[in-house]
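Let's walk through this model together, one chain at a time. Please keep the viewer open as you read.

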Amino acid sequence: MSFTSFQFLWVFPLFVLFYNLVTQKYRAILLLITSYLFYLNMQPVLFIMLLIVTALTYFSAHYITHQDDDDKRVLGLRIGVVCTLLPLLFFKYFNFLANTLVTGLQLIGLEIHPITTNFVLPIGISFYTFMAIGYLVDVFNEEVEFEPNYISVSLFLSFFPYILSGPIERAGNMFEQFKNLKRSTWNGLVSGLKLMLWGYFMKLCIADRLALYNDLIFTSIPNRSGSTLAIASLLYPIQVYADLGGYTLIVMGISKCLGIKIIPNFNRPFLATSISEFWRRWHISLIKWLTDYIFTPLSFTLRSWKLWGIITALMLTFFISGIWHGASFCFIFWGLMQGALLSFEAYTNPKRNKFEEKYHLRHKGAYNFICILFVYFVFAFTEIWDKEGVTWNETMLILHKIFHEWGTPYLILSKFLYASIAFIPLLFSELRNEYKPERFLFFDHKNIFIRWTSYLIILFMILTIGVLNSSQFIYFQF
Amino acid sequence: MKSIYLKRLFKIFLFCLIALLLDQTMGLLFHSIRDNTVHYPCIDLNKTIYAVNKVHDDIIIVGSSEASIGLDPNLIQTKLKKTCFNLGHTSIAFWWEVMTIKAIFDRYTPEILIWDVGPNPLSIDVTHNYRDIEFMARYKDISPTVDSLINNSIAERIKYTSLSYTYNSTFIEYMRLFFKGKTMKNTKGYIPETESMITKADFSTFTLKDTINLKTKELYAKILSQCIKKGCKVYCVFAPKYLNYTHYPNKSIKSFEQLCDSLGCTSINLAQDTTFLNHPNYFYENYHLNKKGAEIYTHMILDSIGHSFYSIDKN
């Protein structure tokens, strides 16, 4: 059952009601059962992987905590991390690694038949694996205490709002809340529903609307002109943002209705004026995870290399970020490009600061606007490599067409018009939150008339321009 | 304490009531625009009401975009000296076609029905073709035929209580029709594409799925035999394609052609006709003809119809 399905809309209020009726003692159990049922409803067969990773995480953390000998603790952490990673490596990367190895061997003259597995990737495995590893490292570093309650650990890894697409939560944030699951408050419910409404708006009216165009273009790259591919490539970052950003807001809203706080994942990324600032605003939970568990330890280890240590750590961190996104050379290249861009920025930052200070550019609107556009175009360009289902050759074809076969753009004006109508409130909200966060508070306005009118406008925009017909089941009477 | 809960419950109730009233008002407004623009069936948007309530031509063309883009009713009219209307509708397929045919045959029996069945009709599981049903929801008030085809599960019924939802993604088109409908030329439902292919596909062959969905086959048999029983001459046509299909015709296509033979309707398969194959000048893109290609295709269909139509007359 997806959050955008019609079933969810009537199951969720019933669940919230039931959640508030049970006593505090049983709320965690209820959440765990619901989370497991939610997962089973999506993917019953590979549910076992979630159970295995949960058990591995719990017992590894237990072992690390109860060892006095540092070497044994390190060994416990290493074994725990490797064992937790194994399912992810197998399901997500086996085919890629095997085929790369076979191709490599074929290049040196050894004829080996390609080995491929037809296993489906367990839903959410990239997310719950990273959360499990984060917990183990936090326990090892004594930043988080070992959680003796198995239900809390299970719930942390399987909590239904975030198991499918994140955010990648932290044990420190969640265990405290799971221990003290209170009844939903009126304010919590209202603000949760507001977040959900805005999340649905972003997902259904912008992301899914743009997907109608972009999916059509990116599934028929050879037939499209360079200008069409350029338009689709420029729209793609907005689609991704509205999709994952909207999804995160729905997740935060659902959790808030249950009295649980989830970390945000985006902070107006397209208003960033530099690449490094962009990455502090984009997919925050993943970047924070990578910073805490990969970049910081690496840059500390390589501190004697000075700037080159930071650059190496950045490249490795974003290499992992790339491969986390998907098992292909496109994603690896995408990660390396991000690392290279950040390294370049780190290298040139002192010069940029001097230049900005010399000409007093920091607070100049025009300069910031140019920087924002530059960051957006650079990110949109790199996103050409960051598309699921688009091969390296197709990516090269996109680039070739954009730079050599411009042609006539293929535009579906009515579809663009719907997306543009939906884009206006999003743009307004982003600019307001960035520059005037205390003004024009439509959803949070003191006046009930303005508040309700704004809810109704968004609701009717979802009803009339949202893409609502995906993943439906039909029983037909003929 | 109680009064706070009551106040909150009242707030929720009031908000839902306002939302419902607004939804119904907006829906009625859309209904009114829909009904006031029904005289301009030159674009897809208005073909449903026109098909259900108004069309009265001797020859009816139904199908998806391959039909609306590929078959010129004016040429057919001139050649066969009978009135013709093209009810082909982009992005909508089997259930809409069934609804159209049922609604037309409830009113009168056309002499000829030309049904573009798409590239591979039996490979699709039409029982899960939800898009057609959602599309028809906004017309459930115009005829019992439409209403009977819309899913009657509780969830669907709740969903369709929202009138504005049934007009999802159409209000711009309705507004356009409302303000510009009078200036639109009546093309008898034909929507030609004037452009030629911008870029050619870099793949020269394509393999169609070779599966036969028995439920789909049964549904086709049922609707086709109903038309034939009423004395209508039915032609099931396969529009030309730019791409070269491998292993064509496959078992699925053959099975459909055999079904047509067994029911007494004619199938005309021009999907891989060499006149069109790999000729970019006749296509708008891989699957759809442009105006030039449509003219040739319509003439070829007319030739086939001419042969069988006049041979029946002679008999």
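Among contacts in chain B between residues at least 6 apart in sequence, 82% link residues at least 24 apart; a contact here is a pair of residues whose C-beta atoms, placed from the backbone, lie within 7 Å. A word on what you are looking at: this is a predicted model, in which local features need pLDDT of at least 70 and side-chain atom pairs count only at pLDDT 80 or more, while totals for chains, interfaces and linings use all residues. Residues are numbered from 1 along each chain as its sequence is written, and chains are lettered from A and ligands numbered from 1 in the order in which they are written.

Chain B has 13 helices and 9 strands, where helices (H or I, at least four residues) and strands (E, at least two) are DSSP runs, numbered from the N terminus. The C-alpha trace of this chain spans about 80 × 45 × 40 Å along its principal axes. Of the 315 residues in chain B, 39% are buried. Buried means that 20 or more other C-beta atoms lie within 10 Å of the residue's own, exposed means 12 or fewer, and partly exposed is in between, with C-beta atoms placed from the backbone.

B:Leu113 is the bridge partner of B:Ile60, and B:Val234 in β5(B) is the bridge partner of B:Leu113.

Next, find B:Ala271 in the loop between β7 (266-269) and β8 (283-285) of chain B. B:Ala271 counts as buried because it has 22 C-beta neighbours inside 10 Å. Leaving out residues up to four places away in sequence, B:Ala271 touches B:Pro119, B:Phe238, B:Ala239, B:Pro240, B:Lys241 and B:Tyr245.

Now turn to chain A, whose domain assignment gives domain 1 (24-181) and domain 2 (188-404); such bounds come from an automatic or database domain assignment. The C-alpha centres of domain 1 and domain 2 of chain A lie 25 Å apart. Between them, 18 residues of domain 1 of chain A are in contact with 19 residues of domain 2 of chain A. On the domain 1 side, α4 (70-107), α5 (125-140) and α7 (171-179) of chain A each supply at least two residues, and α5(A) gives the largest share, 5 residues.

Finally, some backbone details. Most residues other than glycine have a negative phi, and most peptide bonds are trans. A cis peptide bond joins A:Gly166 and A:Pro167, with omega about 5°, and A:Pro167 is in the loop between α6 (150-158) and α7 of chain A. A:Glu142, in the loop between α5 and α6 of chain A, has a positive phi of about 60° although it is not a glycine. With 10 C-beta neighbours inside 10 Å, A:Glu142 counts as exposed.

Note on methods. Two residues are in contact if their C-beta atoms, placed from the backbone, lie within 7 Å. Two strands pair if DSSP finds at least two bridges between them.
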